[in-house]
Amino acid sequence: MMVRASTEQGVNAVLSREFEIDEANLVPTANLYEDLELDSLDAVDLVAALERQFQMKIDRHKDEETIRQMRTLADVYGFVDTKLGEKTSQSG
Amino acid sequence: MTVKTVVTGYGAISPYGVGADALVNGFRAGHAAVRAMGDEWRQGVRGTSCSLAAPVMEEIDTGSIPRKNRRSMARSGLLAFLAAGEALAAADIPLEMAKSGRLGVALGETLTGPASLEQFFRSYLVERDVSQVPANGFFQVMGHSCAANVAAALGATGRVQATPGACASGALAQVVGVGLIRAGLQDVVLCGGAEECTPATSAIFDIVGAASTHFNDRPDLAPAPFDRDRDGTVCGEGAAVLALEAADSAAARGARVLGNVLGVASNCDGGKMAHPGVESMAACMRAALADAGLQPEDIDYVNAHATGTVEGDSTEAAAIGAVFGPHMAVSSLKGHIGHTLGASGAIESIMAIEMLRGGYIVPTAKLRHVSDDCAVVRHVRALEVTPLRRIMKCSFGFGGINVVLVFGRMDDGAS
């Protein structure tokens with residue numbers, strides 16, 4: 001699935017700025033928990049940080065399973081891109 | 001036979017800046033660290049009128065703390081961890097010892113993470129939206145936040161004990177530490193306290209009538225322990241940690257001993273929440289002497305808790321006078337750096353040991369006219385250079401918590 005470059009840049013900016021991850025490690029195949037060393041508490045904060053970065057709301061209960069299933073950075077890109085698409089279609 | 005407890009290291013962040021050296025040099029030089037924060041510091045909150053404070057002005061470098069440890073630390077936790085690290089380094093205690101189970105942590109604060117708590121309640125009550133509250137916010141405000149965060153960041157696997165006892169927290173931690181060491185449960189306990197300086201903290205002291213409110217543009221006059229014109233205390237900020245260690249443990253690893261903890265005592269006033277009485281304070285002082293196997297004449301100087309409140313200072317002076325008579329040398333360090341609350345007992349303990357080592361007494365700052373109701377001891381009003389054998393350190397906290405410690409020089413094992 002093609003993801004907008006701006007989505008990738010925004011997600012990477014969040015991970016770099018708020019989770020202090022070296023940008024060199026921000027590759028789509030990176031595993032969030034094993035390679036980037038995030039944990040379940042970080043996952044909670046990541047959702048909030050993505051909301052701020054992309055000025056959108058994420059329904060934690062509705063998307064609970066999707067968020068739980070995310071494993072790679074590519075999964076985050078895809079999730080955010082989908083949410084941005086929903087936001088655009090709702091507002092449009 | 002009682003296991004002897006020694007001090008092998010300490011660290012501090014105070015209104016004088018980062019490091020125990022800044023603390024010691026600041027007091028020795030008599031520098032003033034209380035500031036006029038301006039009316040805007042009160043943030044337009046009605047009903048509060050204290051705008052003096054003694055925050056840590058120096059920027060704190062927290063970059064050395066791993067993110068996964070740092071994220072759960074309130075400001076007080078950050079300060080406490082940096083002080084604990086300095087104490088470990090000064091004591092030459094390797095991190096492996098922290099992980100051995102033989103090292104414990106006892107830390108307390110009056111208010112746990114007030115800035116973090118304020119942030120949470122702004123989201124919860126004002127914005128009615130907790131979706132942006134950090135997942136680690138709770139770990140910054142739980143009652144044992146300081147102790148738990150320091151232990152986690154050090155990888156300490158021994159006893160972790162929170163010692164919130166309001167303004168006596170940092171001294172109470174040492175009572176706990178000495179108890180653990182004497183019981184043979186720990187070889188080393190990192191003991192101390194921390195406190196953040198926020199407008200809300202000052203407001204709380206103002207509400208209970210314990211804050212200075214008449215000298216907002218004269219930080220050179222308040223707080224003024226034992227002074228005729230004293231009108232309350234001024235809240236300060238900081239953290240201090242002492243590495244208390246079993247004497248045998250220190251000897252076995254060839255550690256440098258800075259001083260001895262000869263006696264400790266803690267009791268409760270058993271009635272008054274805000275104003276401990278003369279009797280319970282004096283009883284605590286006598287209990288600390290008994291614990292050390294000493295008589296009043298064995299003490300050369302009493303480092304008072306005296307915070308500059310009208311009632312607290314006179315009560316303490318009366319208690320010291322009752323135990324020691326009118327000739328005991330007494331001073332308080334609150335005039336210099338304000339009242340660092342949970343940190344004060346540990347900050348002043350560090351200074352007690354430094355005064356023993358250096359042979360000097362730091363005077364009470366801002367004491368211009370000794371109040372009649374405090375004139376029952378010998379107030380030290382200028383730096384005195386004199387050999388000291390032993391110092392009694394008093395700390396008293398809201399809730400009727402009395403704590404008294406007796407320190408001796410490194411070559412003084414006393415009983």
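Reader: Is strand S15 of chain B enclosed or open?
Author: Largely enclosed by the rest of the structure, because eight of the eight residues of S15(B), residues 390–397, are buried. Buried means under 20% relative accessible area, with exposed over 50% and partly exposed in between (1.4 Å probe, protein chains only). Strands (E, at least two residues) and helices (H or I, at least four) are DSSP runs, numbered from the N terminus.

Author: A word on the source: this is a predicted model, where local features need pLDDT of at least 70, side-chain atom pairs count only at pLDDT 80 or more, and totals for chains, interfaces and linings use all residues. Residues are numbered from 1 along each chain as its sequence is written, chains are lettered from A and ligands numbered from 1 in the order in which they are written, and side-chain values use heavy atoms, leaving out hydrogens and water.

Reader: Thanks! Which residues point which way from S15(B)?
Author: Arg390(B), Met392(B), Cys394(B) and Phe396(B) point one way, while Ile391(B), Lys393(B), Ser395(B) and Gly397(B) point the other way. In a regular strand, side chains alternate between the two faces of the sheet.

Reader: And how many bridges does S15(B) make with S16(B)?
Author: Eight, in the antiparallel sense, with S16(B) covering residues 401–408. Strands count as paired if DSSP finds at least two bridges between them. Cys394(B) stands opposite Val404(B). The two strands form a hairpin with three residues between them, and Gly399(B) in the turn has a positive phi of about 95°. S15(B) is also joined by three bridges to S10(B), residues 301–304, and these two run parallel. There, Tyr301(B) has Ile391(B) as its bridge partner.

Reader: New topic: what about the largest nonpolar core?
Author: That core has 49 residues, and among those touching the most other members are Tyr10(B), Leu242(B) and Met351(B). Helix H14(B), residues 344–358, gives the largest share, eight residues. A nonpolar core is a set of buried Ala, Val, Leu, Ile, Met, Phe, Trp, Tyr and Cys residues joined through side-chain atoms within 4.5 Å.

Reader: Where is the second core?
Author: The second, separate core has 32 residues, including Ala83(B), Leu103(B), Val150(B) and Leu154(B).

Reader: How many helices and strands does chain B have?
Author: Chain B has 14 helices and 16 strands. Buried residues make up 60% of its 415 residues.

Reader: Which residues of H1(A) are buried?
Author: They are Thr7(A), Gly10(A), Val11(A), Asn12(A), Val14(A), Leu15(A) and Phe19(A). Just after H1(A), Glu20(A) takes a positive phi of about 55°.
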